[in-house]
Amino acid sequence: MKKQLILEDGTIFIGEGFGSDSAAFGEVVFNTGMTGYQEILSDPSYCSQIVVLTYPLIGNYGINRDDFESILPAIHGFVVKEAAEYPSNWRNEHSLGAYLEAKGIPGIAGIDTRKLTRIIRKHGTLKGSICPIEQDPSEVIEKLKSAVLPHDQVKRVSTKTAYPSPGRGRRVVLVDYGMKHGILRELNKRGCDVIVVPYHTTSEEILSLSPDGVMLSNGPGDPKDVVEAIPMIQGLLGKVPLFGICLGHQLFALACGADTEKLKFGHRGSNHPVKELKTGKVALTSQNHGYSVNEDSIYGTPLEVTHIALNDGTVEGLKHKNVPAFTVQYHPEASPGPEDANNLFEQFMQMIESEKREGAAACQSVQI
């Protein structure tokens, strides 16, 4: 079954359709990871996007039950050079095509993904559509040019109600802007008593849960669309330790007076080198974002840059100078990708313990 991928600039790719027979519209982005396509498919940060994988063979180890980062994928379309029809792996339960078909996600294979990636790198991300070969390209191009990308992705993927993930350790409230399961898994691994809350939860509601720490999760889209987050974060600063990842990092920056900007084609892959300025150490990181914190806007705020991207020098980490709060642009939980930065969860735990000790000491001095 032939399909076509049409871009708003008029470029047309003809390929073989797989997965769902439905059509798709979205922002076309590329990911350079050699593995981890299942995690990419199920990452809520790809909500409303059509993802191109630059690695040529995708689906060779199939789909298994363990590597999902969400229950319901929010991705709109999948573009690959070659889709493996007969996967081989001891954990395999479904083929890539069968999974996409079951979830209503259209895919297209057999196109020149190298050429497509070069177009995105040159012109930036573009609106695109995966549609039947019979559809008139001129009509699709006109619709793409006038179409507006959504601004409610976080609302779509965030949990609708709060829920617990019980543990016997410190209580962490995790604000879900499109949370990957890997973040929750890392907190559970450390015994945390986690309460996951919706994106629009207020600081008063969070503080009423008596948290020892608060995490701001990853998520899709433009951070400036999530206006509810700014007063919430401002209401938490100095009252409870805070750790933000990806979109949470950007929202933290906005709440502290810095600014964010759209990148030309974003950072999406599993081998992005990030340098920690304090130690000079470099970690290979998993990344998935289309926006970044503007470094010039940080001057005059209470923020300090802690990490930078070695590929383009963009801001990859921040900390507050006066209160216990830090954030990173990349994914320390990996899933997929290297686990070089996993120790950031330990730093968060240590920050919580330090604040608890200081609080206990302060209470004791008042009693004396």
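This is a short tour of the structure above, one selection at a time.

**Before you start**

The model is predicted: local features need pLDDT of at least 70, side-chain atom pairs count only at pLDDT 80 or more, and totals for chains, interfaces and linings use all residues. Residues are numbered from 1 along each chain as its sequence is written, and side-chain values use heavy atoms, with hydrogens and water left out.

**Stop 1**

Select residues 1-131. UniProt, in an unreviewed entry, lists them as "domain: Carbamoyl-phosphate synthase small subunit N-terminal". UniProt positions are given in the numbering used here, feature names are shortened, and annotations may be inferred rather than shown by experiment. Helices (H or I, at least four residues) and strands (E, at least two) are DSSP runs, numbered from the N terminus.

**Stop 1**

Zoom in on Cys 246. Look for it in the loop between β14 and α9. Is Cys 246 buried or exposed? Its relative accessibility is 1%, so Cys 246 counts as buried. Buried means under 20% relative accessible area, exposed over 50%, and partly exposed in between (1.4 Å probe, protein chains only). Show what surrounds Cys 246. Not counting residues up to four places away in sequence, Cys 246 touches Asn 218, Asn 288, His 289, Val 328, Gln 329, Tyr 330 and His 331. Contact means heavy atoms within 4.5 Å.

Move to Glu 333. Glu 333 sits in the loop between β19 (325-328) and α10 (343-367). Glu 333 is buried too, at a relative accessible area of 2%. Leaving aside neighbours within four places in sequence, its contacts include Gly 182, Ile 245 and Phe 345. Which side chain makes a polar contact with the side chain of Glu 333? Pick Lys 180: the two side chains make that contact at 3.0 Å. A polar contact is a pair of N or O atoms within 3.5 Å; within protein, one must be able to donate a hydrogen and the other to accept it, and residues adjacent in sequence count only if both atoms are side-chain atoms.

**Stop 2: the cysteines**

A disulfide is a covalent bond between the sulfur atoms of two cysteines. The cut-off used here is a pair of cysteine sulfur atoms within 2.5 Å. How many disulfides does a search of the whole structure find? The search finds zero. Select Cys 47 to see one case. The closest cysteine sulfur is in Cys 246, 14 Å away, so the gap is too far for a bond. Cys 47 is buried, at 4% relative accessible area. Cys 131 is also buried, at 1% relative accessibility.

**Stop 3: helix α8**

Select residues 229-236. This is α8, and six of its eight residues are buried. Among them are Ala 229, Ile 230 and Leu 236. What covers the buried residues of α8? The cover includes β11 (171-175), α7 (203-207), β13 (213-216), β14 (242-245) and α9 (247-255). Just after the helix, click Gly 238, which takes a positive phi of about 85°.

**Stop 4: strand β12**

Select residues 193-197. Five of the five residues of β12 are buried, so this strand is largely enclosed by the rest of the structure. In a regular strand the side chains alternate between the two faces of the sheet. Asp 193, Ile 195 and Val 197 are buried on one side of β12, and Val 194 and Val 196 on the other.

Two strands pair if DSSP finds at least two bridges between them. β10 (residues 163-165) pairs with β12 in the antiparallel sense over three bridges. β11 pairs with β12 in the parallel sense over five bridges. Finish on Val 196: Tyr 163 stands opposite it, and Val 196 is also the bridge partner of Leu 174.
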